[in-house]
Amino acid sequence: MVNEVVFILDEKYSEINENMKYNYHAIALEKFNISEADRLYTFFTLERGLIRVPAKSVRKSKAKLAAQVEDFVFSHITIAKGCGRGVLSGAVVEKYFVELHQNYWALQHIDRVRIIFLSIIEENDSDERIFWLWANYLEELNHLSKKQQKDVGAHESQFSWITHAFLIQLFILLGYDFATVHCCVCYDKINEIRNGFSAAKGGVLCSKCFCSEYFCYIEPDTIKAIRIIQTNKLQSLAKVTVHDDVYKQLDRIVYNIEKWIMR
Ligand SMILES: [Zn+2]
């Protein structure tokens, strides 16, 4: 009985407000089919952070809306709202990132990032810095994909480097920054020798405090790479080249951070 009353109120409310439309800058991250013709979209927006909104009849063959909100496309979207989530009523692509969508490596990396991002971000918590970090990440991956298409030397490791840089910068914006200059346990200055890393402890550990049973090793070049990521914009990092051991070690370190944040 209570449910019926709520339903009637909802309907009336949406009739009264059916013309209220809201515009957002959005990056499409995920979609699910929710009935024969409808979909539920997940966007990260500049104005409201993460939002999930249904789109009606978007799977019908003549519907043009679906192409405007493909995964990892930057669009301007319009949501018609009564109460609740509202309904996606329009979208225009700002940047499609064509080459990224044709590149296997780019899609693999971005898919990993999407899973991490959606598991740690709450809905309706906006952060402009995170939005533009996403936009820049897509831009950089697209640029690398373009370079690879023209065969001018974009290697898999560069996709990996920019993805790790994106994740470390995202973690920082979410409040997870890690010590790289001083040991996070005894605060001694970190020497240029093999040290350790632990997200749970708060960053790099000096050789005295490091216990290999629990943490991963980190070489001086990897510490330098993390410092560069911590202090530079993503766009400038695309020009940095690091050697393969650093890519591999960064992979383990970012995984260590992910595991700790997503615990
Ligand atoms: Zn120490």
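The reply below goes through the cavities one at a time.

Reply: Happy to! This is a predicted model, where local features need pLDDT of at least 70 and side-chain atom pairs count only at pLDDT 80 or more, while totals for chains, interfaces and linings use all residues. Residues are numbered from 1 along each chain as its sequence is written, and side-chain values use heavy atoms, leaving out hydrogens and water.

Searching the whole structure turns up two cavities of 30 Å³ or more. A cavity here is a set of points, on a 1 Å grid over the protein atoms alone, where a 1.4 Å probe fits but cannot get out; lining residues have an atom within 4 Å of a point. Points are joined across faces, edges and corners, and the volume is the space filled by probe spheres set on them.

The largest cavity holds about 60 Å³. Its lining consists of Ile-168, Ile-172, Tyr-176, Asp-177, Phe-178, Phe-197, Ile-226, Gln-230, Ile-253 and Ile-257. Two or more of these come from each of α5 (156–173), α6 (220–231) and α8 (244–261); helices are DSSP runs (H or I, at least four residues), numbered from the N terminus. Eight lining residues are nonpolar, one is polar and one charged, where Ala, Val, Leu, Ile, Met, Phe, Trp, Tyr, Cys and Pro count as nonpolar, Asp, Glu, Lys and Arg as charged, and the others, Gly among them, as polar.

The second largest cavity holds about 40 Å³. Around it sit Leu-144, Gln-158, Trp-161, Ile-162 and Ala-238. Helix α5 gives the largest share of this lining, three residues. Four of the lining residues are nonpolar and one is polar, with no charged ones.

Terms used
On a 1 Å grid over the protein atoms alone, a cavity is a set of points where a 1.4 Å probe fits but cannot get out, and a pocket is an open set with protein on both sides within 12 Å along at least five of seven lines; lining residues have an atom within 4 Å of a point.
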